[in-house]
Every structure is written in C-alpha cells, then in structure tokens.
Amino acid sequence: APAASTLEALLTRTLAAEFHDTPHPDAVLTTGGTEANQLALLLARERHGPHLTVLHGANAHHSIPRAAWLLGLPPARSLPTPTGTLTPATLAEALATSSGPVLVTATAGTTDAGLIDPLDALADLCDQHGADLHIDASYGGLLQLSPRHRPKLAGLHRARSITIDLHKLGWQPIAAGLLTVPDTTLLAPLAHQADYLNATDDTQAGLPDLLGRSLRTTRRADALKIAATLRSLGRDGLTHLIDRTCARADQLARLLEAHPAFELHAAPTISTVLFRPTHADDTALATLRRTLLQGGTAVLGRATADGRLWLKATLLNPHTTAGDLDALVNLLEGSTHR
Ligand SMILES: Cc1ncc(COP(=O)(O)O)c(C=O)c1O
C-alpha cells in the first residue's frame with residue numbers, strides 16, 4: 001500500500017499536467033467514465049449547492065443525467081444536438097434562459113459517433129455567463145498526447161474538470177478512469193476523516209491520506225498498470241498507437257465510401273466509423289448486426305444519426321491490419337446480399 005499510494009500521487013499529478021497548464025493540477029482515479037462524471041457533478045454541487053442546473057447536449061453519455069438524478073440535483077436539461085455536437089448557438093440560448101448556478105457538460109468523443117463538441121466556443125459562453133464547464137473526454141481525451149490530433153481538443157484545458165477513460169484509447173484493462181482538475185483545491189470537498197485510516201496526527205506526520213481521493217475506501221492499486229504502460233511505452237509510444245488507430249479508422253471509412261454497397265455517414269473524428277448498407281432499411285440493418293454478433297463473426301455497434309440507424313465500428317485495436325479491414329468489408333458485403 002505505501003508504494004501504491006506514492007505511485008498514485010505521482011501518476012495522477014503527472015497525468016493531470018497533460019490536460020491542465022496550471023501550477024497545481026490534480027486528478028483522482030475512478031472505476032471509469034461513469035464514476036468520473038458522477039464525481040464532476042458532485043464537486044460542482046458542492047461548489048454551487050443543490051439548485052445547480054446541469055446542461056448537457058443530447059449527445060452526452062447517459063451517465064451525466066443519471067449522475068444529476070443520483071445526486072438529488074434538479075433533472076439535467078438536455079439540449080438538442082441534431083448535427084451530433086452541441087452548437088454554441090444552442091448553448092447560448094439555454095444559458096440565456098437559465099437562472100441560478102449552471103454546470104455545462106460538453107463531450108470530447110461522443111459515444112455514438114466519436115464527435116467532439118466545439119470546446120473553445122462553449123468555454124467562451126460559460127465564461128460569459130459565469131457557468132462551470134465539465135468536459136467528458138472519456139473517449140477523446142488521450143488525443144491530447146498526439147501532436148497530430150491534439151488540435152481537435154482546443155479548449156479542453158479550460159474545463160473545471162475533465163473525465164478521461166484510459167480503458168479506451170489508453171489500452172488499460174478496467175478500472176482506469178480519471179477525473180482531472182486544474183487545481184488540487186477543487187478536490188477538497190472529497191476530504192474525509194476516519195480515525196482508523198487517516199488520524200490527523202498520522203497525516204501531519206506525513207503518512208499518505210487517500211480517503212479524500214476517492215469515494216471508495218478499499219480499492220485496487222489501479223495506478224500500477226497505468227504507470228507500467230506509461231513507463232514502457234512513453235508518451236511517444238502511446239501517441240504512435242493513437243495515431244495508428246485513428247489512421248486505421250480513416251482507412252476503413254475510405255474503403256466504405258468507395259464501395260457502392262455502403263454509405264458512409266462522415267469521415268471519422270477519432271476512430272468511430274458510422275456506415276450502412278446502401279439499400280438496407282433500419283430493420284434489415286439491425287438484423288444484420290445481430291446476425292454477425294450471434295454468428296461470432298463481427299461485433300459492430302449501432303447508433304442513430306440524422307434520424308436513421310447506422311452500423312458503428314469503433315476501432316480501438318492499433319494492431320488492426322489493412323487485411324482485417326478488407327475482411328470486415330467483404331464479410332459485410334456477403335452478409336448484406338444474403
Ligand atoms: C463519452 C463517454 N462517457 C462516459 C462513458 C462511460 O465510461 P465507463 O463505461 O468507463 O463508465 C463512456 C463509455 O463508453 C463514453 O463513451
């Protein structure tokens with residue numbers, strides 16, 4: 001435990017510094033994106049009280065409104081995102097009609113399409129209206145390591161808290177979530193004291209005090225595997241995997257776009273490719289997905305966009321080959337014509 005405690009303190013500070021250009025950034029480890037989003041809303045509630053309004057795009061992960069419910073906040077207000085991202089115009093209108101304290105949650109890497117909200121413009125609006133900004137970067141956050149993809153996250157550092165999920169682009173086994181904050185004092189509401197664990201005199205004598213760094217008490221040393229990855233791959237190694245993964249998604253999108261049997265929804269922003277067989281209706285598409293799943297040949301997701309159902313390939317294996325992509329497209333083509 002002493003070694004794990006020291007490692008966790010080092011790791012969380014190191015990772016937080018990747019996302020916040022501030023003197024004392026910090027982070028807490030969570031079980032994943034869901035718990036990190038819950039903590040973000042909890043910290044906002046502790047800053048602003050129980051009448052906090054949570055605004056989120058309809059593109060947000062379900063854990064955002066669920067956290068508002070769990071924490072006894074007023075029901076979160078969902079704003080329409082017909083184009084897949086939360087537009088500044090939509091947020092401006094919602095902020096103009098909100099009263100009392102507001103937490104805006106934006107998404108960097110939507111679950112359905114891997115899209116990134118216009119973070120800088122949303123942060124500007126939050127500044128103008130005195131609203132707090134939380135960014136759920138569970139999926140897209142690690143693009144921050146990549147010089148090629150980092151510009152897509154412009155504005156990320158302006159958030160009061162950021163959710164990162166290293167079991168997505170960080171290739172960790174669960175649990176590997178993170179909530180980062182620009183200043184360690186923002187985590188103060190989590191402070192808790194239990195004599196058998198962190199007696200004040202022990203803490204004053206320099207013993208680590210982890211109770212204020214999680215809502216859990218006993219927990220695994222999740223920092224260890226993450227630190228091992230960072231140590232063995234380094235920033236460059238991880239960046240290489242991220243760039244490769246995104247490049248493979250681009251490649252799959254191009255294959256599908258060029259293929260007469262398929263319609264591509266849009267070029268991928270991260271590594272999610274939405275597409276559909278050209279002549280299939282929604283029912284045929286849903287059946288096709290289940291057939292591949294039950295047959296054990298391909299596991300594709302599904303997502304609704306532009307009022308239609310799409311097949312979703314979220315590429316997360318950097319070692320996927322061009323041959324794997326060809327095989328997937330051939331399999332889909334064969335199954336579509338059956
Ligand atoms: C945008 C986003 N936020 C949060 C989560 C939840 O993460 P977890 O399953 O680690 O709790 C997901 C999961 O896919 C997600 O896509």
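Which side chain does Glu18 meet in a salt bridge? The answer is Arg235, at 2.3 Å, N to O. Keep in mind that this is a predicted model. I'll come back to that pair in a moment.

First, the layout. The protein is divided into two domains. Domain 1 runs 2–220, and domain 2 runs 235–336. Their C-alpha centres lie 29 Å apart. The contact between them takes 23 residues from domain 1 and 20 residues from domain 2.

How much area do the two domains bury between them? About 1800 Å². Of that, 61% is on carbon and sulfur atoms. On the domain 1 side, three residues lose the most area to domain 2: Asp112, Tyr139 and Trp171. Together they make up 34% of what that side buries.

Now the polar side of this interface. The rule finds one salt bridge across it. Eight residue pairs are in polar contact across the interface, both partners at pLDDT 80 or more. By class, the domain 1 side that touches domain 2 has eleven nonpolar, seven polar and five charged residues. As for our opening pair, Glu18 and Arg235 join through their side chains.

Trp171 sits in the loop between strand 6 and strand 7. Its phi is positive, about 60 degrees, although Trp171 is not a glycine. Trp171 is partly exposed, with a relative accessible area of 25%.

Which peptide bond is cis? The one from Ile174 to Ala175, with omega near 5 degrees. Ala175 is also in the loop between strand 6 and strand 7, and strand 7 covers 177–181.

Asp306 has phi near 55 degrees, and Asp306 is a residue other than glycine. Its place is the loop between strand 10 (301–305) and strand 11 (308–314). Asp306 counts as exposed, at 55% relative accessibility.

How many does the structure hold? It holds 14.

Start with Arg213 and Asp26. Their closest N and O atoms are 2.8 Å apart. Arg213 is in the loop between helix 7 (200–204) and helix 8 (222–258), while Asp26 is in strand 1, so this pair ties together parts that are 187 residues apart in sequence.

Next, Arg158 and Asp127. Their side chains meet at 2.9 Å, N to O. This pair links distant parts of the chain, 31 residues apart. Arg158 is in the loop between strand 5 (132–137) and strand 6 (161–165), and Asp127 is in helix 5. Arg158 is partly exposed, at 30%. Asp127 counts as exposed, at 54%.

Then Arg160 and Asp132. Here the closest N and O atoms are 3.9 Å apart. Arg160 is in the loop between strand 5 and strand 6, and Asp132 is in strand 5, so the pair ties together parts 28 residues apart in sequence. Arg160 is partly exposed, with a relative accessible area of 33%. Asp132 is buried, at 6%. Back to Arg158: shared partners join Asp120, Asp124, Asp127 and Arg158 into one network of salt bridges.

Last, two buried spots. Thr81 is in the loop between strand 3 (77–79) and helix 4 (88–96). Thr81 counts as buried because its relative accessibility is 13%, and the cut-off for buried is under 20%. What does its side chain reach? The backbone nitrogen of Asn59, at 3.2 Å. Beyond its sequence neighbours up to four places away, Thr81 touches Gly57, Ala58, Asn59 and Leu86.

The other spot is Leu285, in helix 9, residues 282–295. Leu285 is buried, with a relative accessible area of 1%. Leaving aside neighbours within four places in sequence, its contacts are Arg276, Pro277, Ala280, Leu309, Trp310 and Leu311. Take Trp310: Leu285 and Trp310 are 25 residues apart in sequence, yet 7.5 Å apart in space, C-alpha to C-alpha.

That's the tour.

Conventions:
Residues numbered from 1 in each chain as written. Predicted model: local features only at pLDDT ≥ 70, side-chain atom pairs only at ≥ 80, totals over all residues. Heavy atoms only, no water. Domains from an automatic or database assignment. Contact = heavy atoms within 4.5 Å. Buried area = accessible area lost by both parts, 1.4 Å probe. Salt bridge = Lys/Arg side-chain N within 4 Å of Asp/Glu carboxyl O. Polar contact = N/O pair within 3.5 Å; in protein donor to acceptor, adjacent residues only side chain to side chain. Nonpolar A, V, L, I, M, F, W, Y, C, P; charged D, E, K, R; others polar. Helix = DSSP H or I, 4+ residues; strand = E, 2+ residues; numbered from the N terminus. Buried < 20%, exposed > 50% of the residue type's maximum accessible area, 1.4 Å probe, protein only.
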